[in-house]
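The following exercises concern a single protein chain.

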Amino acid sequence: MYTQQLIERYKLSRKKKWLDKHTQYRYQYAFIGVGQHSISNLYPVIHYLGLPLSKICSRHREHAQKMASQFAHCTGTDNIQDILDDKLIKGVFVCAAPQHHFELVTQLLRAGKHVFVEKPPCYSLSSLQALIEYQGSHNCQTGLQKRFSTINRLLKPHLPKAKSYSYRYLTGPYPEGDALFELFIHPVDNLIQFFGPITESSIHFSGKDNPTYFIHLTHKNNIQGMLQVSTDFSWQHSVDELEVNTGSDILHASYPFRLTGIQKPIRFLNLPIEKILKTPVQQKIYLDNNAFSLTAANNNLYLQGFGGEIEHFVRMIEEDRRDELHNLNSLLPTYEMLEKMKLKVSS
């Protein structure tokens, strides 16, 4: 009986904490875009958080109105000016066709809105620098969900002991867009977030239609690694894997659902004792999601980072805080590396 009461008190406390946190917002928000990515990954998080969307904008008014019907007191429009002129709207989510992101974000920032824009916000370093000028004191966060993924959160405490790494990001063909800025931005940004700015790089490139890059990287803290990115593989058997060699463990991340570690066997005078004594491998499992537990933390949208990135953006606005970690400035090292990769294609 006493155990059951403790369980009920814990459940009640957890529910009250969630309701207090996600039902009291100071500001209004808007969303531009009704595409497949936003429908599958962003709108569900906004709905779960109970975020007060007051306007949804799309090129097709009918689509905007249908999506707006999913949210209380929300209207659909095909005119961005309706959002720009609305003084009550503090933050705007942008997930339109990527080639329109730069223009849309520019208008919103100049109108004094905080902006969350799905990657990429633009397609060149010079365009990014222009957006940073417009950003001013406002928050402008790019949707790079790996920054907020469960794997990254679990990995970060081990990274101060990192010695080297290898990263493979392999997909099938991507004829519908720019693979460099729309796909490869993920692993490049991820490595910079983990190990710091890149000081040296040796880039080998092949295949202009379905590009493959092999890159040797050296970071500011002298950590070195190998990065392979390609669209010359398969979407049904895509690979997004990072292996980090630390002083005591070998960590293997298979995004977005699995993180394991192998403890390095002890050595005597640098002799591999494991070969002599045949000691068993000691594996640590930090994350191996099987969708058995149905809490929000184990939901795919939170494991991948979509939930965390939206919560962070909204929290910065609601608390009137300047985001120093995830604003556009944080993308400068990433775009500098992408520009180098782009030059390799044209050379």
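Predicted model: local features only at pLDDT ≥ 70, side-chain atom pairs only at ≥ 80, totals over all residues.

**Exercise 1. Backbone exceptions**

Is His 73 buried or exposed?

Solution. Residues are numbered from 1 along each chain as its sequence is written, and side-chain values use heavy atoms, with hydrogens and water left out.

Step 1. His 73 is exposed, because its relative accessible area is 78%; buried means under 20% relative accessible area, exposed over 50% and partly exposed in between, with a 1.4 Å probe and protein chains only.

Step 2. Helices (H or I, at least four residues) and strands (E, at least two) are DSSP runs, numbered from the N terminus.

Step 3. Most residues other than glycine have a negative phi, and most peptide bonds are trans.

Step 4. Asn 222 likewise has a positive phi, near 75°, in a residue other than glycine. Asn 222 belongs to the loop between β9 (212-219) and β10 (224-230) and is exposed, with a relative accessible area of 61%.

Step 5. The peptide bond from Lys 119 to Pro 120 is cis, with omega near -5°; Pro 120 lies in the loop between β5 and α6. Another cis peptide bond joins Tyr 255 and Pro 256, with omega about 5°, and Pro 256 is in the loop between β12 and β13 (258-263).

**Exercise 2. The faces of two helices**

Which residues of helix α6 are buried, and what do they pack against?

Solution. 

Step 1. In α6 (residues 125-135), the buried residues are Leu 125, Leu 128, Leu 131, Ile 132 and Gln 135.

Step 2. These residues lie on the same side of α6 because they cover an arc of only 115° around the axis, the arc being that of the directions from the helix axis to the C-beta atoms. An α-helix has 3.6 residues a turn, so residues three or four places apart point the same way.

Step 3. The partners of this buried set are α5 (101-110), β6 (140-143) and α13 (332-346), where contact means heavy atoms within 4.5 Å.

Step 4. On α13 lies Leu 332, which counts as partly exposed at 23% relative accessibility. Not counting residues up to four places away in sequence, Leu 332 touches Leu 125, Leu 128, Gln 129 and Ile 132. Leu 332 and Gln 129 are 203 residues apart in sequence, yet 8.1 Å apart in space, C-alpha to C-alpha.

Step 5. The buried residues of α5 are His 101, Leu 104, Val 105, Thr 106, Leu 108 and Leu 109. Their packing partners include β1 (28-32), β4 (89-94) and α6.

**Exercise 3. The core and its aromatic rings**

Which members of the largest nonpolar core touch the most other members, and how are Tyr 165 and Phe 195 arranged?

Solution. 

Step 1. A nonpolar core is a set of buried Ala, Val, Leu, Ile, Met, Phe, Trp, Tyr and Cys residues joined through side-chain atoms within 4.5 Å. Of the 63 residues in the largest core, Ile 32, Leu 155, Phe 195, Leu 242 and Met 341 touch the most other members.

Step 2. Helix α9 (residues 185-195) supplies the largest share of this core, six residues. A second, separate core of 26 residues includes Leu 42, Tyr 43, Phe 116 and Phe 306.

Step 3. Rings of Phe, Tyr and Trp (its six-membered ring) pair if their centres lie within 6.5 Å; planes under 30 degrees apart count as stacked, over 60 as edge-to-face and the rest as tilted. The count comes to 16 aromatic pairs.

Step 4. Tyr 165 and Phe 195 are stacked, at 4.7 Å centre to centre with 5° between the planes. Tyr 165 is in strand β7 (residues 162-170) and Phe 195 in helix α9, 30 residues apart; both are buried.

Step 5. Phe 205 and Tyr 213 form a tilted pair, with 4.9 Å between centres and 50° between planes. Phe 205 is partly exposed at 22% relative accessibility, whereas Tyr 213 is buried at 2%.
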